[in-house]
Amino acid sequence: MSASKNKRIYLSPPHMGGNEQEYVRQAFESNFIAPLGPMVNGFEQDFSDLTGFAHCAALSSGTAALHLALRIVGVEPGDVVIASSLTFIGSVSPVTFIGAEPVFIDSDCKSWNMDPELLAEAVDHYISIGRKPKAVIPTDLYGQCADYDRILEILEPHGIPLIVDAAESVGATYKGRHAGKGALMAAYSFNGNKIITSSGGGMLGSDNEEMISRARWLSQQAKEPEPYYEHKEIGYNYRMSNLVAAVGRGQVEVIPERVKRKREIFDYYEQELDSCSGLSFMPEADYGQCNRWLSVMLVDKNEFGAFPDDIRITLEKENIESRPVWKPMHNQPVFKDNTVFGGKVSEDLFERGLCLPSGTAMTADEQQRIVDLIKRCGK
Ligand SMILES: *Cc1c(COP(=O)(O)O)cnc(C)c1O
């Protein structure tokens, strides 16, 4: 086995664009190492330009951004907050930080995102028992936008706020707009394996200036405007540091290239493997462009002759990382007592799904090798 064959292929590793180090150098030179500084303001402006949101607050993580969004719309202990079941825990844990109750909605088949018909059912149900949901947080799964307009049609008559979990969909579009735009607020993540990374961080975007000012204030311990430390509310230590923002600024510049490359990677897998009996790929809804953060394949065990986990283990033996689809929240032990509307679609996606290596710096040879290994797992 050659040395290069042993080099680990990760699922979605960081991929620097080139200017990050220069921005970090500038941050050092200005001595804005301590929390805030011009890079933070610059990164927020970059993100407004990208998303079309008039205001953005740079934060320590996507989870923090969602937590603040829930605080800002006034979620309180015991309230109902509706979320996608097929998502990452960071989408839902902030609901529990507040002591509110997450209620889960299954995926639809055409986008794998929150099923609007089940959402309508859930909203009607909770209103009929006098517990109007305080917020709805659909996830843009694997970089594909949820059907915001359809969801807004359901929420607007009741004045229920839409907060999009766009942690995975930086660079994706919905009807020509950037992911998240159209919601009251949207949360983005720059965690290590996302399509762009600042080494960890998040952003909250909105067109409502007051809400984003409040997010900044809550993210810095909610200090009253006094020379001494006065607090009338409890806040958090959630602000992004100037050094992290410097890396983020370099990454924003390469988003179009990263989306293009992610989509090429997906197209190649699909072209090579979709014709294999029992293999199929995540659909793209006609209302937008997915960023294909992760290429996701479905495996029909009977037709293909192997389980997704057989493929995962085969790849792992060759030092290649792949990963099951998110395990639905309604099947998580920690949410065993929570309510779910539907559930079968996300359960099926979890059983049959596999996220394939999708790093934008992966070479054509490496991807070819992955494809060959997968083909050999079949009958
Ligand atoms: C990554 C992710 C988050 C959390 O973002 P962090 O920056 O890691 O806190 C939330 N929701 C989804 C769907 C994610 O994929």
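This is a predicted model: local features need pLDDT of at least 70, side-chain atom pairs count only at pLDDT 80 or more; totals for chains, interfaces and linings use all residues.
**View 1. Two domains, one chain.** The C-alpha centres of domain 1 and domain 2 are 26 Å apart. An automatic or database domain assignment sets the bounds: domain 1 covers 3-11 + 255-377, and domain 2 covers 20-252. Residue numbers start from 1 along each chain as its sequence is written.

**View 2. The area between the domains.** About 3700 Å² is buried between domain 1 and domain 2. Buried area is the accessible area (1.4 Å probe) that two parts lose on being put together, summed over both. Carbon and sulfur atoms give 65% of the area. On the domain 1 side, Ile255, Tyr287 and Phe341 lose the most area to domain 2. Together they make up 25% of what that side buries.

**View 3. Polar links across the interface.** The rule finds 24 residue pairs in polar contact between domain 1 and domain 2, both residues at pLDDT 80 or more. A polar contact is a pair of N or O atoms within 3.5 Å; within protein, one must be able to donate a hydrogen and the other to accept it, and residues adjacent in sequence count only if both atoms are side-chain atoms.

**View 4. The domain 1 side.** Helix H10 (255-273) gives the most to the side of domain 1 that touches domain 2. H10 supplies 5 residues. Helices (H or I, at least four residues) are DSSP runs, numbered from the N terminus.

Notes: Side-chain values use heavy atoms; hydrogens and water are left out. Helices (H or I, at least four residues) and strands (E, at least two) are DSSP runs, numbered from the N terminus.
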